[in-house]
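Here is a short tour to read with the model open beside you. Please have the sequence and the coordinates at hand as we go.

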Amino acid sequence: MKITEVRAFPVGVALDEPLRWGAMAVNSKGGIVVRIRTDEGFEGIGEAGFSSEYFSTVGPIINNQLGPMLIGRDPQDIAALWQEMLDATHMWGRRGIETYALSGVDIALWDLLGKVSGQPVYRLLGAAKSKVRAYFAPSLKAPHLVVEEAIQAVEQGFTAMKLRHGPDLKAGVDMVADVRDAVGPNIDIMVDANMAFDRREALTLARELEQLQIAWLEEPILSRSLTQYIDEHTWLSDRVSINLAGGESLLTRFEYLDLLKRKTFDILQPDCTSVGGISEAKRVADMASSWNIDCVPHIACSSGTGIALAAGLHLILACENAPMIEYDAYGGPGWDGLLASAPLLKNGFLEATDAPGLGIELTADAYGRFALQAIPALL
């Protein structure tokens, strides 16, 4: 079997109003779809990065650099192809858009392998469970709107949720307290501060949140380097009892080494679409397991294609130390016709199916309906 095509294209739908997560705001829900085809008629689907808005940089790397390397190769040789793609970036970067591109290709290769073998990806990785508890992840909004959405989430069956914390420390704590009052003591609440504070502000925030029975506080400290990121969050971890989570912006397993050795975080959050694909996210999760650290992979709510969610689901189902999955609160093209069948919540859980690969397929008119840019090879 040989690869005959590797192609990336952006898909999305416009939003009536922006969705905000910390410093990041998006005006559309969508992502960068990666499609790999073979001479035997098989097709794999992946997603690269957190948003379709990155296509102008990530897309050309896939379409003009990494993709052509794979033409004529056996798509079942995932580890060999992964290493060759990583090595190819040595002289022009291994952090950021290059790793996003590699991630999307890797996810598509795993989907393709599952379809070739007739097995779901989580079984190929070594199944640890068949379903996982989902947590609701609303965007940063006015406090009364967050409270309303939190109540609705509980009514829909969620037993956990992650709230976004803005730059105003007091207003953010008050919002979390209002949600806690609204949903009661039996719902797990996590807080994502999106690196909004210096370390002393983060210490104040953590001690306030400890009083509200918060399951974890995510990346509260603004960091400009990996050294600062590890040092400052380790400093905070040594001074509070609340669990700390982080790692969503780290790329490849190598950036997790010192962080694991120092036990900076209680929960690691690699993202399949950026860390290096399913292959590398699984390695990070296994490394975390050796340190008795949980892994709850990041899944970007700025996307909404359903592809990253499917990849994260299959990764989590293959990891004994992955107890929850982030669930997009606002849908997107994956639920509006991009996919023939998107992952659906059932009683607060996401459950695996026996469908091969990631269990997803693009609809026949997916490109025509959702493509945000004309790609000649797809016309």
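Which side chain does a polar contact of 2.7 Å join to that of D111? The partner is K115: the two side chains meet in a polar contact of 2.7 Å, a term used for a pair of N or O atoms within 3.5 Å, where, within protein, one must be able to donate a hydrogen and the other to accept it, and residues adjacent in sequence count only if both atoms are side-chain atoms.

## About the model

This is a predicted model, in which local features need pLDDT of at least 70 and side-chain atom pairs count only at pLDDT 80 or more, while totals for chains, interfaces and linings use all residues. Residues are numbered from 1 along each chain as its sequence is written, and side-chain values use heavy atoms, with hydrogens and water left out.

D111 sits in helix α3, residues 97-117. Helices here are DSSP runs of H or I with at least four residues, strands are runs of E with at least two, and both are numbered from the N terminus.

With 0% relative accessibility, D111 counts as buried; that word means under 20% relative accessible area, against over 50% for exposed and partly exposed in between, using a 1.4 Å probe and protein chains only. Leaving aside residues up to four places away in sequence, D111 touches E43, G44, I45, V121, G357, L358 and G359, where contact means heavy atoms within 4.5 Å.

## An open sheet of three strands

Let's turn to the sheet. Its 3 strands run in the order β1-β2-β3, and the open sheet has antiparallel pairing; two strands pair if DSSP finds at least two bridges between them. β1 (3-21) and β3 (43-48) are at the edges with a single partner strand each, so one side of each has no neighbour in the sheet. From one strand to the next, the twist averages 20°. Helix α1 (residues 55-70) packs on the sheet and touches β1, β2 and β3, its direction making about 165° with that of β1. Angles run from 0 to 180 degrees between N-to-C directions, and axes are lines fitted to C-alpha atoms, for helices over the stretch in contact.

β1 and strand β2 (residues 24-38) are joined in the antiparallel sense over 14 bridges. Within β2, G30 lies opposite G12, and A25 lies opposite R20. β2 also pairs with β3, again antiparallel, over 6 bridges, and R37 has E43 of β3 as its bridge partner. In the hairpin of β2 and β3, 4 residues lie between the strands, and G41 adopts a positive phi near 90°. β2 is mostly covered, with 11 of its 15 residues buried.

## Strand β4 and its partners

Strand β4 (residues 131-137) is mostly covered too, 5 of its 7 residues being buried. It pairs with strand β12 (residues 349-351) in the antiparallel sense over 3 bridges, and F349 in β12 is the bridge partner of R133. With strand β11 (residues 324-328), β4 pairs in the parallel sense over 5 bridges; here Y135 stands opposite E326.

## Two helix pairs

α1 packs with helix α2 (residues 78-88) at an angle of about 145°, their axes being 10 Å apart. The crossing of α1 and α2 is right-handed; a crossing has that label if the near helix is turned clockwise from the far one by less than a right angle, and is left-handed if anticlockwise. L66, M69 and L70 of α1 make the contact with L81, E84, M85 and A88 of α2.

Helix α7 (residues 199-210) and helix α8 (residues 226-237) cross at roughly 35°, with axes that come within 10 Å. The crossing of α7 and α8 is right-handed. R199, R200, A202, L203 and A206 of α7 make the contact with E232, W235 and L236 of α8.

## Cysteines

How many disulfides are there? The count is 0, with a disulfide taken as a pair of cysteine sulfur atoms within 2.5 Å. The closest cysteine sulfur to that of C295 belongs to C319, and at 5.9 Å it is too far for a bond. C295 counts as buried, at 1% relative accessibility.

C301 is in no disulfide either, the nearest cysteine sulfur being that of C272, 14 Å away. C301 is buried, with a relative accessible area of 4%.
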